[in-house]
Amino acid sequence: MDDAPVVELIDVSKVYHMKAGDVYALNHVNFSVKRGEFVAIMGPSGSGKSTLMNMIGCLDVPTSGTIKINGVSTTDMSDDELTEHRLNTIGFIFQKFNLISLLTAYENVEYPLILKYGQRDHSERVKKLLTMVGFTEDRMQHTPYELSGGQQQRVSIARALANDPTFLLCDEPTGNLDSKMSTQIMEILSDLHKQGRTLVMVTHNPETAEYADRVIVIRDGEIVGEE
Amino acid sequence: MIVSLALRNLKLNKFRTILSMLGIVIGVFAICSMGMVSAGFTDEMDNMISDTADTLTLSPLGEKVVDGHPTVGFSEKDIRNIESATKSVTKEYELVPYYTSYKPVTIGKEMVTASVYGLDSNDMSSLVTLVSGTWPRGGTNVIVGEQFAEDNDLRVGSRVSFLGVSGQEVTCRVVGVMENTGMLTFGIATDSAILGTTEWYSSIVGNNYGLYNSIIIKAYDPTELAAVDAAIEKKMNGKEDRDSDNTVSILNSYELMDIFDELMSMSSLFTTIISAISLLVAAVAITNVMLMSVKERTREVGILRSIGTFRSQILQMFLYEAGLIGLIGAVFGVILSLIVSPIFMMIMGLEFTAMFSVSVLVYIPVGIGVGLVVCLISGLYPAWKAANLNPVEAMSTD
């Protein structure tokens, strides 16, 4: 089990049925991500990388083929099982940060813990995570509107780590940030990788892709290169 | 956290929340206040009527000629016939013939008019209850109603006087006070009555040529009243002609109760319909507000779902919101009706204390429950819709 790839795609296709004909968003894609790897998936917009990311993130299931997360296929999972995977196995980091605007930075990080354990965090884990991404105690009580883009993305990284997921799934993590902020965020992600975390990152930016061990290039729904 | 998200969203859209709450406040207020007022009214009526709800009151019909004088009343023969009709149905009854009319009475220097009743001393205890004093005996003792005593400052030992049949002044001693029966009473309404023996009655009003003015029949088992009623009707009325040859008019208290109950249930049906309509309007408003809330928060729902919130939890979150609107709205509605209902009751001539009966106060939990349930039902579809949003599509909306 431990030797199984964290993420494994076997002949995965995703077809959208349109009136004008079927559209292959993904066409027989095969690849896998091993434990501890940092893999970047690169491609222009419309290449199918968002579809790919949604499926790795258990937000969507393939039309054909199999996606295995920790060796378990997602194809026949119920919505609740997929949700459980998103809660426990995957840590999402989005381009638009996607913090919950009604909650403070602290509560945003605490939220997945409450979902998992059904109670507030008494273990100081939230504080540790937020400190790790460079947050001071007083700023933890700010709402997302009161934070800069870089700060929001830090909160989102802390949130992704809250339930100690098997891997982090990053969707254009620096897409909405300036270059200075981008570097800081990539440094944090790179540090996490060095600590042994598995990371899958979707990006179209070659500079951020450089942080990865391996880059998979995707175009028109097919893998066209790997370096 | 789910609850707190729901709470924060309500706070964030305070004005909208209050507006949608207003519908529920009005709906619950309508249900509660109408319910409370009609319950209070029914209670009062029941209290007034129930004491005499086991009686038939018989009034004479048709003229009789006694010693060349035309008059109306029950003769000894009539009473025997009525009694035998009653006996054919039940052995457990009381039959009390009595005299009654209005008569001026002098109390000190004041003269007032009172209802006067004359009946056999032995029958008194079956129709009225004494609160103080003793039963009257002989020709110069009377008992008076509690209300009458209070109004005219009378107590046991006081004296009242009448102008007797032969023109002499008859002074009588009050020997007892009767419990009030309420004004809506069949037979003897004691509140403003003076009651004495037939001997006393004859001396101040006359004995109506020996004909009684009225008869009260009490059955120990009230369910037998209908049969007694029918038996008397058969024996006394319509022997020669169904319409004109009638000797008895029977006032059936339980039938009157039925009519009254029917009236009340019709009016409560009416109020229920009005309340239901106002609640329906409120429900539509809340569904609308909740749908707007779901639409506005589509992205938030997408985020929550993508980071591992279950469908059922999203459903819960929106139902909490609807439930909170319902609960707070309903509580305000109930408070409002607790303020307004007593005012309406007092306008309708009820006592303020009518508020504190169980059948009135039961509208507090009923109102809150109805408000809550209506809101939860209205919130069900929007909540279901939110829970079934596709997380990917939901997240990509702005």
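These are my notebook entries on two chains of a predicted model.

**Ground rules.** I number residues from 1 along each chain as its sequence is written, and I letter chains from A and number ligands from 1 in the order in which they are written. Since the model is predicted, local features need pLDDT of at least 70 and side-chain atom pairs count only at pLDDT 80 or more, while totals for chains, interfaces and linings use all residues.

**Chain B as a whole.** I looked up the secondary structure of chain B and found 13 helices and 12 strands, where helices (H or I, at least four residues) and strands (E, at least two) are DSSP runs numbered from the N terminus. The C-alpha atoms of chain B fill a box of roughly 105 × 55 × 30 Å along the principal axes. Buried residues make up 38% of the 398 residues in chain B; a residue is buried if 20 or more other C-beta atoms lie within 10 Å of its own, exposed if 12 or fewer, and partly exposed in between, with C-beta atoms placed from the backbone.

**Where the chains meet.** I found 17 residues of chain B in contact with 16 residues of chain A, contact being defined as C-beta atoms, placed from the backbone, within 7 Å. On the chain B side, α1 (2-12), α9 (298-306) and α13 (391-395) each supply at least two residues. The residues on that side divide into 10 nonpolar, four polar and three charged, where Ala, Val, Leu, Ile, Met, Phe, Trp, Tyr, Cys and Pro count as nonpolar, Asp, Glu, Lys and Arg as charged, and the others, Gly among them, as polar.

**Helix α6 of chain A.** This helix (residues 179-194) has 16 residues and reaches 22 Å from its first C-alpha to its last, close to the 22 Å expected at 1.5 Å a residue; the expected span is 1.5 Å times one less than the number of residues. A:Ser182, A:Ile185, A:Met186, A:Leu189 and A:Leu192 are buried in α6(A). Seen down the axis, the buried residues of α6(A) fall within an arc of 110°, so they line one face of the helix; the arc is that of the directions from the helix axis to the C-beta atoms. They pack against α5 (149-161), β7 (167-171), β8 (198-203) and α7 (206-209) of chain A, whereas the face turned away from the buried side carries the exposed residues A:Lys180, A:Glu187, A:Asp191 and A:Lys194.

**Positive phi in chain A.** Most residues other than glycine have a negative phi. A:Cys58, in the loop between α1 (49-56) and β4 (64-69) of chain A, has a positive phi of about 60° although it is not a glycine, and A:Cys58 is buried, with 25 other C-beta atoms within 10 Å. A:Asn98, in the loop between β6 (90-93) and α3 (105-117) of chain A, has a positive phi near 50°, and A:Asn98 is buried, with 23 other C-beta atoms within 10 Å.

How values were computed: Two residues are in contact if their C-beta atoms, placed from the backbone, lie within 7 Å.
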